[in-house]
Amino acid sequence: MNALCGRVFDIKRDCSEDGPGIRTTVFFQGCPLRCLWCQNPEGQARSSRESASYDGSRWYTLEELRYRVLIDRPFFDSTGGGVTVSGGEPAHQMPFVGAFLSSLQREGVDTAIETCGFFNYMHFEKYLLPYLNRIYFDLKIMDEASHQALTGQSNRPILENLLHLKRASEVPVMVRVPLVPDMTATVENLTFIGQFLRNHDIRKVTLLPYNPLWQDKAVRMGKRRHLDAGFMTPEQLADCARQINSVLN
Ligand code: SF4
């Protein structure tokens with residue numbers, strides 16, 4: 001497959017949670033992390049050798065993918081919406097995703113990325129950053145050993161990339177923390193994240209409530225079920241918000 005094709009495992013129209021207005025979210029195949037609670041386990045595999053789930057995704061040319069998302073152009077225009085690239089990790093397919101975002105921006109379409117932050121900064125700066133209107137940047141776990149154990153990768157490049165973006169870019173970066181009971185949603189972890197952000201003058205964070213529905217998907221894919229936690233209660237969510245905000249503000 002030539003370089004101007006990208007591998008996509010899902011496209012969702014009419015999304016209202018992945019940025020302003022009505023959006024179409026494109027889920028790109030492949031992720032360098034292996035979070036135990038991954039909501040999209042079918043998007044993790046980076047090659048057919050890695051997993052049979054790769055077969056559920058398909059290649060798109062730039063023109064095909066543009067055509068798919070621009071069908072909803074009238075909704076983007078009337079609501080201030082646009083296109084969000086997600087995954088997996090969209091930075092895993094940088095040249096193609098960059099060309100896709102650039103072509104959308106040329107059309108005046110708002111662009112956003114949801115990223116786990118684990119990428120080569122120089123490549124991100126070259127291929128993606130010039131063509132983004134906003135960045136949703138996930139922070140998960142501050143303790144290095146726990147991050148490695150629960151996501152399969154070090155958190156150092158992620159933290160460094162966040163600080164690089166904050167220092168060097170004018171694109172708004174929104175930090176988000178996916179809440180996972182007993183993993184990311186602990187008093188200790190939320191306190192450490194709050195301290196890290198405050199020390200770098202980042203005063204706002206969005207908490208993403210845990211959604212346990214991924215487990216059915218994982219079981220269907222033959223992956224082991226790792227967590228028994230259900231939906232978080234409003235009280236648990238409020239506790240998490242209180243905890244991190246008490247450190248941030
Ligand atoms: S970073 Fe996101 S897509 Fe990648 S493994 Fe973690 S939860 Fe899944």
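Helices here (H or I, at least four residues) and strands (E, at least two) are DSSP runs, numbered from the N terminus. With that settled, let's start with Arg 34, which sits in the loop between E2 and strand E3 (58-61). A word on the model before I go on. It is a predicted one, where local features need pLDDT of at least 70, side-chain atom pairs count only at pLDDT 80 or more, and totals for chains, interfaces and linings use all residues. Residue numbers run from 1 along each chain as its sequence is written.

So, Arg 34: buried or exposed? Exposed, because it has 12 C-beta neighbours inside 10 Å. For the cut-offs, a residue is buried if 20 or more other C-beta atoms lie within 10 Å of its own, exposed if 12 or fewer, and partly exposed in between, with C-beta atoms placed from the backbone. Leaving aside neighbours within four places in sequence, Arg 34 is in contact with Gln 44, Thr 151 and Gly 152. Contact here says that two C-beta atoms, placed from the backbone, lie within 7 Å. Gln 44 is 10 residues from Arg 34 in sequence, and the C-alpha to C-alpha distance is 7.2 Å.

Now the inside. The largest nonpolar core has 33 residues, and those with the most contacts inside it are Val 8, Val 26, Val 97, Leu 101, Leu 128 and Leu 132. By nonpolar core I mean a set of buried Ala, Val, Leu, Ile, Met, Phe, Trp, Tyr and Cys residues joined through C-beta atoms within 7 Å. Which elements each supply at least two residues of this core? Strands E1 (5-15), E2 (23-28), E4 (82-87) and E5 (110-115) do, along with H1, H3, helix H4 (121-127) and helix H6 (156-168). H3 gives the largest share of this core, with 5 residues. Take Val 8 as a way in: setting aside neighbours within four places in sequence, Val 8 is in contact with Val 26, Phe 27, Phe 28, Gln 29, Ser 57, Arg 58, Tyr 60 and Leu 65. There's another core lying apart from the largest one, with 21 residues, among them Cys 38, Met 183, Trp 214 and Met 232.

On to helix packing. Two packed helices are described by the angle between their axes and the distance between the axes. The axes I'm using are lines fitted to C-alpha atoms, for helices over the stretch in contact, and angles run from 0 to 180 degrees between N-to-C directions.

First pair: helix H1 (residues 62-70) and helix H3 (residues 94-106) pack at about 50 degrees, and their axes are 10 Å apart. That angle makes H1 oblique to H3; under 35 degrees would be roughly parallel, over 145 roughly antiparallel, 65 to 115 roughly perpendicular, and the rest is oblique. On the H1 side we have Leu 62, Leu 65 and Arg 66, and they meet Ala 99, Phe 100 and Ser 103 in H3. The residues of that contact divide into 4 nonpolar, 1 polar and 1 charged. In that sorting Ala, Val, Leu, Ile, Met, Phe, Trp, Tyr, Cys and Pro count as nonpolar, Asp, Glu, Lys and Arg as charged, and the others, Gly among them, as polar.

From H7, Val 187, Leu 190, Thr 191, Ile 193, Gly 194, Gln 195, Leu 197 and Arg 198 meet Cys 240, Gln 243, Ile 244, Val 247 and Leu 248 in H9. By class, that contact has 8 nonpolar, 4 polar and 1 charged residues.

A cis peptide bond joins Gly 87 and Gly 88, with omega about 20 degrees, and Gly 88 is in the loop between E4 and H3. Then there are two aspartates. Asp 14, in strand E1, has phi near 60 degrees, a positive value in a residue other than glycine. Asp 14 counts as exposed, with 11 C-beta neighbours inside 10 Å. Asp 201 also has a positive phi, about 60 degrees, although it is not a glycine. You'll find Asp 201 in the loop between H7 and strand E8 (206-208), and with 7 C-beta neighbours inside 10 Å, Asp 201 counts as exposed.
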